[in-house]
Amino acid sequence: MQILSGIYLHIPFCKQACSYCDFYFSTSLANKDVVIKSMVKEIEESQNYLPEKNIKSIYFGGGSPSLLSNVDLSLLFKSLSNYYTWDLETEITLEANPDDVTTEKLKVWKEAGINRLSIGLQSFNNEELKWMNRAHSAEESLRSVKLAQEMGFHNITIDLIYGSKFQTLKSWDETLEIAIGLGTQHISAYNLTIEAKTVLGSGYYKGSEPSVDEELSKELFDLMVNRLTEAGFVHYEISNFGKPGFLAKHNSNYWLQEAYLGLGPSAHSYNYESRQWNLRNNNLYVKALEQGDVYFEREELALRDRYNEYVLTRLRTLWGCDLLEIEKKFGPELSDHFRARAHSQKKLLDEKDGIYTLNHAGKFLADGIASNFFFL
Ligand code: SF4
């Protein structure tokens with residue numbers, strides 16, 4: 001699957017802070033226009049970053065891109081069109097919160113060229129949604145997907161979270177049943193993680209919130225893989241399931257180490273040789289762009305860094321790690337290293353024609369297994 005250049009736009013605003021979230025965002029929308037203006041400036045400043053000007057995916061993430069007005073969206077698209085080209089095959093995704101999905105907004109998104117919606121449902125349990133501090137109810141979640149479908153969106157992905165203290169095998173089975181019934185083309189489902197600088201993290205460290213039950217999470221994961229694959233979804237990345245023809249181009253671009261440009265506060269970019277990340281603060285980002293200062297930090301990637309990233313991302317996917325490709329990209333020393341590590345973990349891997357993928361037992365342990373392959 002060859003994707004090539006993608007663009008990510010980070011929209012750093014949310015109505016309220018979800019209890020588990022550690023993405024960068026502000027709940028004050030007062031300087032939204034100024035940030036959008038700075039992003040337009042960044043589009044100009046970074047015009048030579050990507051090796052390829054014909055863009056295969058554009059992704060509005062955040063934060064909450066569904067808070068953008070039609071004027072914001074036109075400004076960003078207009079500015080991108082000054083430097084890049086794209087066509088009807090280009091996947092153009094916008095992340096939306098269910099409470100922002102209205103007939104008017106859907107019309108605006110369609111007219112702007114958005115052809116894929118990522119709707120953050122997370123749960124169908126109102127008590128759990130409240131605990132997550134989501135700004136919507138389960139009823140709004142269901143309504144938002146139906147409305148988007150009625151308005152002609154035929155490439156929709158939904159996000160779910162599993163493993164909270166509310167979750168049981170039964171409730172997750174019911175959630176998956178509802179999710180499958182919605183008829184979307186893609187489902188992303190993430191095991192809850194407790195991040196330190198979040199409301200949930202602070203509750204956990206104070207002892208008022210329990211840790212995530214690893215044993216139960218493993219059972220929930222197994223149930224999810226079985227239910228979704230039976231329903232016709234391709235399990236192509238640990239947390240991602242798509243109907244054939246609807247695997248996410250944008251995220252696959254990341255996992256296949258293709259170049260991408262990230263725009264907006266905290267966004268990351270990668271161009272094969274280096275990785276860079278923008279200032280994680282709206283005011284500092286705006287100020288740096290206004291004054292012509294550097295607005296990002298950059299890390300040049302040594303051969304071993306690129307190998308480690310390759311293993312970390314590829315092992316999570318259906319495409320796996322290809323020994324021949326490793327030798328071609330990283331040389332004989334690293335391919336020998338990979339082969340030796342693969343041998344020591346063969347119980348968790350499948351191998352076919354020199355391509356290594358995680359087997360069912362290995363999938364839930366993906367990140368831990370990948371770290372055993374690292375070259376340090
Ligand atoms: S989960 Fe999404 S909507 Fe909630 S705070 Fe994080 S970025 Fe905002």
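A: Start with the residues that touch in this predicted model. On one side is helix 6, which brings Leu169, Trp172, Asp173, Leu176, Glu177 and Ile180. Nine are nonpolar and four are charged. None are polar.

Next, the geometry. Helix 6 covers residues 169-181. Helix 8 covers residues 214-230. Their axes are 10 Å apart. The angle between the two helices is about 30°. Angles under 35 degrees count as roughly parallel, so helix 6 and helix 8 are roughly parallel to each other. The crossing also has a hand: helix 6 passes helix 8 in a right-handed way.

Now step back to the whole protein. It has 15 helices and 15 strands. Its radius of gyration is 21 Å, close to the 21 Å that the globule rule gives for 376 residues, so the protein is as compact as a globular protein of that length. Along the principal axes, its C-alpha atoms fill a box of roughly 55 × 50 × 45 Å. Of the 376 residues, 53% count as buried.

Last, look at how far along the chain contacts reach. Take the contacts between residues at least 6 apart in sequence. Of these, 69% join residues at least 24 apart.

Conventions:
Residues numbered from 1 in each chain as written. Predicted model: local features only at pLDDT ≥ 70, side-chain atom pairs only at ≥ 80, totals over all residues. Heavy atoms only, no water. Axes fitted to C-alpha atoms, helices over the stretch in contact; angles between N-to-C directions. Helix = DSSP H or I, 4+ residues; strand = E, 2+ residues; numbered from the N terminus. Parallel < 35°, antiparallel > 145°, perpendicular 65-115°, else oblique. Left-handed = near helix turned anticlockwise from the far one by under 90°. Contact = heavy atoms within 4.5 Å. Nonpolar A, V, L, I, M, F, W, Y, C, P; charged D, E, K, R; others polar. Rg over C-alpha atoms; globule rule 2.2 N^0.38 Å. Buried < 20%, exposed > 50% of the residue type's maximum accessible area, 1.4 Å probe, protein only.
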